[in-house]
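Biologist: I am new to this structure and would like to go through it step by step. Please start with a single residue and then widen the view.

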Amino acid sequence: MKIYGFQKTTLLDFPGRVAATVFTGGCNFRCPFCQNGDLVLHSGSLPSIPEEEVIRILEKRRGILTGVCVTGGEPTLQPDLLSFLEKLKALGYLVKLDTNGYHPEILHVLHEQRLLDYIAMDIKSSPAHYVRAAGLRELDMARIQKSVLFLRTCGLPHEFRTTAVRGLHEPEDFRQIGQWLEGDEAYFLQSYVHSEGVLSPGYDSFSKEELEDFLHILHAYLPNASLRGVD
Ligand code: SF4
């Protein structure tokens with residue numbers, strides 16, 4: 001698999017686990033707030049890390065780490081994702097997959113093969129504003145809906161999360177997201193953070209008070225929704 005980044009230890013990426021994170025390249029979305037602009041647009045020109053090297057390190061770190069988070073870019077675009085996850089499983093790791101949810105069929109297959117232990121799916125915006133938040137001209141919302149339904153019914157631990165961006169989101173988006181995901185146990189609202197690597201500079205974050213207002217709107221439908229990474 002094409003790997004463009006490898007974090008040997010993280011306490012943040014896989015809830016409840018000391019994990020490593022593997023970054024794949026390329027994405028079918030162009031979310032303007034994406035923090036991994038290079039991975040999304042230019043992965044072909046970035047140096048990659050040989051898969052064997054990553055597996056070798058993970059082999060040595062068994063016992064220290066218990067999980068591996070596979071993120072992107074969008075990992076489900078990797079043609080050999082399944083065989084890579086099989087290698088992680090053979091080493092005894094729990095696997096978390098981060099996805100934009102545009103390939104529900106791949107989530108199904110990976111789950112059928114018992115290769116997933118946790119799925120984190122981005123909810124870019126309310127259905128009405130999804131295409132804009134994903135940075136696309138058009139998008140098949142049915143695929144996103146299928147992935148949402150899959151996460152909610154497959155029995156795997158999962159989470160949904162939205163990065164709130166001033167200029168892209170309005171309070172009404174959070175009401176609609178709440179209605180859409182009503183009753184789900186795990187939803188996180190994250191704040192946009194500007195960085196050098198952002199895909200489309202020019203956006204801004206909401207204040208903590210504004211994020212708390214959005215959370216209040218969400219709580220009517222998602223009582224367990226919480227802010228993540230907001231001080
Ligand atoms: S935020 Fe995720 S889905 Fe959006 S462009 Fe970046 S990697 Fe792709």
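Biologist: Does Arg114 count as buried or exposed?

Modeller: This is a predicted model, in which local features need pLDDT of at least 70 and side-chain atom pairs count only at pLDDT 80 or more, while totals for chains, interfaces and linings use all residues. Residues are numbered from 1 along each chain as its sequence is written, and side-chain values use heavy atoms, with hydrogens and water left out. Relative accessible area, found with a 1.4 Å probe on protein chains only, sets the classes: under 20% is buried, over 50% is exposed, and anything in between is partly exposed. Because the relative accessibility of Arg114 is 71%, the residue counts as exposed.

Biologist: What is the phi of Arg114 near?

Modeller: Arg114 lies in the loop between α4 (104–112) and β5 (118–122), where helices (H or I, at least four residues) and strands (E, at least two) are DSSP runs numbered from the N terminus. Most residues other than glycine have a negative phi. Arg114 is not a glycine, yet its phi is positive, near 60 degrees.

Biologist: Which residues are around the ligand?

Modeller: The ligand takes up the space of the largest pocket; a pocket, on a 1 Å grid over the protein atoms alone, is an open set of points where a 1.4 Å probe fits, with protein on both sides within 12 Å along at least five of seven lines, and a molecule sits in it if more than half of its atoms lie within 2 Å of its grid points. By class, the shell has five nonpolar, two polar and two charged residues, with Ala, Val, Leu, Ile, Met, Phe, Trp, Tyr, Cys and Pro taken as nonpolar, Asp, Glu, Lys and Arg as charged, and the others, Gly among them, as polar. Counting residues with a heavy atom within 4 Å of the ligand, the list is Cys27, Phe29, Cys31, Cys34, Val40, Gly73, Asn100, Asp122 and Lys124.

Biologist: Which residues does Pro171 contact, leaving aside its neighbours within four places in sequence?

Modeller: Pro171 belongs to helix α7 (residues 171–180), and its relative accessible area of 40% makes the residue partly exposed. Its C-alpha atom is separated by 8.2 Å from that of Asp213, 42 residues apart along the chain. Taking contact as heavy atoms within 4.5 Å, the partners of Pro171 are Phe214 and Ile217.

Biologist: In which strand is Ser191 found?

Modeller: Ser191 is buried, because its relative accessible area is 19%. Beyond residues up to four places away in sequence, Ser191 touches Thr163, Ala164, Ser205, Phe206, Leu211, Arg228 and Val230. Its strand, spanning residues 187–191, is β7.

Biologist: What radius of gyration does the protein have?

Modeller: The protein has eight helices and eight strands, and its C-alpha trace spans about 45 × 40 × 35 Å along the principal axes. The globule rule is 2.2 Å times the number of residues to the power 0.38, and the radius is taken over C-alpha atoms. With 231 residues, a compact globule would come near 17 Å, so the protein agrees with the rule, having a radius of gyration of 17 Å.

Methods
On a 1 Å grid over the protein atoms alone, a cavity is a set of points where a 1.4 Å probe fits but cannot get out, and a pocket is an open set with protein on both sides within 12 Å along at least five of seven lines; lining residues have an atom within 4 Å of a point.
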